[in-house]
Amino acid sequence: MPNPQHHDAGGGLWSPGHRALTIGLVLTITLVASEALAVTNVMPIVAEDLAGGDPALYGWALSAFILASLVGIAAAGVLIDRGSLTRPYLLGLGLFSVGLIVCGLAPSMPILVVGRALQGLGAGAIPAVGYVAIGRALPERLRAEMFAVLSTAWVLPGLLAPGIAGAVAEVFHWRLVFLGLLPLIALAAVMTTPAIRALGVTSASEREHEVAEDSRRRLPLAIVLAIGAGLTIAGLTDAQLWPGLPLVVVGIALALPAFRRLTPPGTLRAARGLPSAVLLRGTLTFAFFCADAYVPVAFQDWRGTSAIEAGIALTAATLSWTSGAWVQARLIGRIGPRPLVRTGFLVVGVGITLFGLMLIPSVPIAWGIVAWAFTGLGMGFSYSPLALTVLREAPPETQGAATAGLQLSDVLGTALGIGVGGALIAIGDRSGGEEWVGLAAAFTVGVVAAAIGVVLAARLPGGAHATAPIRRDHPEAASEAALAVTGHER
């Protein structure tokens with residue numbers, strides 16, 4: 001059945017026919033991005049208030065969000081299958097809002113972790129609905145532009161959210177960082193729901209049906225993977241033979257087979273080309289977020305600064321990440337992805353090392369801000385070329401599965417990086433050492449992961465064939481490429 005929403009009336013994204021959907025999706029993504037960046041900065045204050053600064057629970061408050069979003073992404077695909085997008089969109093916003101309320105009113109850190117998991121479920125579903133809405137509502141000529149607009153929706157939160165959240169937490173209370181977003185969530189729902197409802201229930205293409213069927217098959221594996229990763233993190237955080245070691249063993253036994261089935265063949269052994277690109281994406285996010293999640297801890301808890309200074313560092317990294325993304329977009333057509341990814345991993349490793357020097361009390365705070373901005377530049381160099389490599393190396397009939405595997409590796413690397421970093425800090429704390437010992441251990445693991453990435457980058461394609469044009473007969477690939485080149489999701 002033809003989709004009337006694909007009729008191209010000649011208007012742009014801001015024309016009357018598309019304006020409501022454009023504004024609503026941009027506002028929704030901006031709110032999700034703002035919350036993600038804000039919470040990272042205020043989490044040391046939250047952990048000190050609710051858990052006496054317990055680093056184990058600090059890490060879980062961040063990891064729970066990421067692991068739950070993994071399930072939310074897969075679950076949204078099931079709900080979308082040939083149905084109205086309204087239900088999964090409102091369900092995602094509802095879960096995200098309930099999570100905000102639970103976190104904002106949480107009497108203890110375990111309750112806050114539950115709230116973060118609810119937020120993650122909703123945050124995973126929302127972008128999935130948005131991407132399908134773009135495919136149903138916009139003509140092909142506007143899709144890449146819309147993906148670029150959505151990617152820039154992360155820029156303003158990157159500039160403002162960490163600093164504003166730090167100021168709100170310092171001057172008023174950290175609970176307002178969570179609860180203060182609720183009116184804006186309601187506004188986004190009011191503005192976006194009518195535009196999504198107008199897409200109807202019969203507008204799904206056969207391609208969307210195939211994607212949803214694939215999501216239905218992948219959902220149980222995504223749940224098993226999230227559980228396995230969670231058990232592994234819990235066992236590492238426990239840092240004891242019992243029950244820590246059994247938890248790690250069971251977690252790995254669950255996670256590895258699920259990850260292998262959800263990613264392209266050869267990913268775990270870093271086979272040349274596409275599989276290496278998928279594995280490297282997870283390695284990259286592991287290396288960066290193993291340190292990034294604890295940058296506010298280094299500033300606020302160890303060096304005794306306010307949340308505002310930590311927010312400046314996070315903002316600086318976001319800006320440099322975006323700058324690096326634009327630089328690589330201009331170079332990748334000439335030199336290919338391999339040197340950019342290798343350089344990016346090298347810069348990330350050096351940046352984390354330089355930032356680690358801030359653990360020395362005599363090193364100026366400004367050093368840490370500049371060093372973390374340098375680290376973000378490395379992410380900009382290497383993050384997007386990996387996505388473009390996957391899109392260009394995957395055969396047309398497997399592009400959906402390949403990009404899903406890339407996103408899964410990305411999310412899993414982030415969750416494990418945060419979890420392992422938190423576990424190392426918790427182990428250092430429980431062993432009676434000073435806080436800098438655990439932080440130094442987390443940063444060291446991030447540097448080692450970056451070094452592994454430098455070596456594995458040699459397995460990426462190089463030369464002119466690596467920069468061949470993306471197949472234009474697959475609009476999903478073109479849209480994903482636009483997103484990969486022009487932005488990122490921290």
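This is a predicted model: local features need pLDDT of at least 70, side-chain atom pairs count only at pLDDT 80 or more; totals for chains, interfaces and linings use all residues.

Start by selecting L280, which touches F345, L386, G453, L456, A457 and L460, leaving aside residues up to four places away in sequence (contact means heavy atoms within 4.5 Å). L280 sits in helix α11, residues 274–292 (helices are DSSP runs of H or I, at least four residues, numbered from the N terminus). With 0% relative accessibility, L280 counts as buried (under 20% relative accessible area, 1.4 Å probe, protein chains only).

Residues are numbered from 1 along each chain as its sequence is written, and side-chain values use heavy atoms, without hydrogens and water.

Next, pick D410 in helix α16, residues 399–430. Buried or exposed? D410 is buried, at 11% relative accessible area. Show side chains and you'll find that of D410 in a polar contact with that of R281, at 2.7 Å (a pair of N or O atoms within 3.5 Å, one able to donate a hydrogen and the other to accept it; residues adjacent in sequence count only if both atoms are side-chain atoms). Beyond four places in sequence, D410 touches R281, G282, T285 and Y383.

Last stop: select α3 (residues 86–105) and α4 (residues 109–137), whose axes come within 7 Å and cross at roughly 155° (axes are lines fitted to C-alpha atoms over the stretch in contact, with angles from 0 to 180 degrees between N-to-C directions). The pair is therefore roughly antiparallel (over 145 degrees).

Key:
Helices (H or I, at least four residues) and strands (E, at least two) are DSSP runs, numbered from the N terminus. Angles under 35 degrees count as roughly parallel, over 145 as roughly antiparallel, 65 to 115 as roughly perpendicular and the rest as oblique. Buried means under 20% relative accessible area, exposed over 50%, partly exposed in between (1.4 Å probe, protein chains only).
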